[in-house]
Amino acid sequence: MTTTVTAREAATALFDQLFSGAAPNELAERFDESVDWFIPGHTAVVPWIGRKVGRAGVAEFYAQLGQGAKVEEFKVDTIIGDGDRCVVLGSLRTTILATGRDIETDFAFDIEVRDGLITRYRMFEDSWAVAAAFEPKAS
């Protein structure tokens, strides 16, 4: 008997593991090697966003995020869908370490799974606010 992991279960497990302090390579193991990963935004300013390729790209994302930002609050409001695809809606507050500026934004994740691994990962957030948080505070 095989156990099918739904997108809802995969998303919940990923976020639980992320906030329990798992290493970037451990988090990357939840993703298919051919994952379709994309977070839109200003890639010249925000190093961790954009397209990532394979588990190495996923691990790079989590490493860069950990080096450049501190997630202060991450709240999932709802998960819509089941089966192999879901949308996760919520909000977050993050501090950019280089500037000390905070980002507060709602988010939506589009997640798809196959054979228990995440094959599609999209995050939508206020990308303007993320890029703006990299600008130094006015003195």
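Biologist: What does the protein chain contain in helices and strands?

Modeller: The protein chain of this predicted model has four helices and six strands. Along the sequence they come in the pattern α-α-β-β-α-β-β-β-β-α.

Biologist: And how compact is the protein chain?

Modeller: As compact as a globular protein of that length, because its radius of gyration of 15 Å is close to the 14 Å given by the globule rule for 139 residues. The C-alpha trace spans about 65 × 30 × 25 Å along its principal axes.

Biologist: What share of the residues is buried?

Modeller: 42% of the 139 residues count as buried. The protein chain exposes about 7500 Å², and 51% of that comes from carbon and sulfur atoms.

Biologist: Now the sheet. In what order do the strands sit?

Modeller: The order is β2-β1-β6-β5-β4-β3, in an open sheet of six strands with mixed pairing. At the edges are β2 (50-53) and β3 (69-80), each of which pairs on one side only. On average, neighbouring strands are turned by 20° against each other, direction ignored.

Biologist: Take β4 and β5. How many bridges join them?

Modeller: 11 bridges, between β4 (residues 85-96) and β5 (residues 102-114), and the two strands run antiparallel. Val87 in β4, for instance, stands opposite Asp110 in β5.

Biologist: What's in the turn between β4 and β5?

Modeller: Five residues separate the two strands of that hairpin, and Gly100 in the turn has a positive phi of about 75°.

Biologist: Which way does β1 run against β2, parallel or antiparallel?

Modeller: Antiparallel, with four bridges joining β1 (residues 31-39) to β2. The bridge partner of Ile39 is Gly50 in β2.

Biologist: Which strands does helix α1 lie across?

Modeller: Helix α1 (residues 7-18) lies across β1, β3, β4, β5 and β6, and runs at about 20° to β4. Helix α3 (residues 54-68) also packs on the sheet, where it touches β1, β2, β3, β4 and β6. The direction of α3 makes about 50° with that of β1.

Biologist: Switching to aromatics. How many pairs are there?

Modeller: A search of the whole structure finds 14 aromatic pairs. One of them is Phe74 with Phe107, which is stacked at 4.8 Å centre to centre with 15° between the planes. That pair links distant parts of the chain, since Phe74 is in strand β3 and Phe107 in strand β5, 33 residues apart.

Biologist: Which residues do the ring pairs link into a cluster?

Modeller: Phe15, Phe19, Phe31, Trp37, Phe61, Tyr62, Phe74, Phe107, Phe109 and Tyr121.

Biologist: Last one, on contacts. What share joins residues at least 24 apart?

Modeller: 53%, counted among contacts between residues at least 6 apart in sequence.

Terms used
Residues numbered from 1 in each chain as written. Predicted model: local features only at pLDDT ≥ 70, side-chain atom pairs only at ≥ 80, totals over all residues. Heavy atoms only, no water. Pairing = 2+ DSSP bridges. Axes fitted to C-alpha atoms, helices over the stretch in contact; angles between N-to-C directions. Contact = heavy atoms within 4.5 Å. Phe/Tyr/Trp six-rings, centres within 6.5 Å; stacked < 30°, edge-to-face > 60°. Rg over C-alpha atoms; globule rule 2.2 N^0.38 Å. Buried < 20%, exposed > 50% of the residue type's maximum accessible area, 1.4 Å probe, protein only. Areas by Shrake-Rupley, 256 points an atom, 1.4 Å probe, with all protein chains shown as cover.
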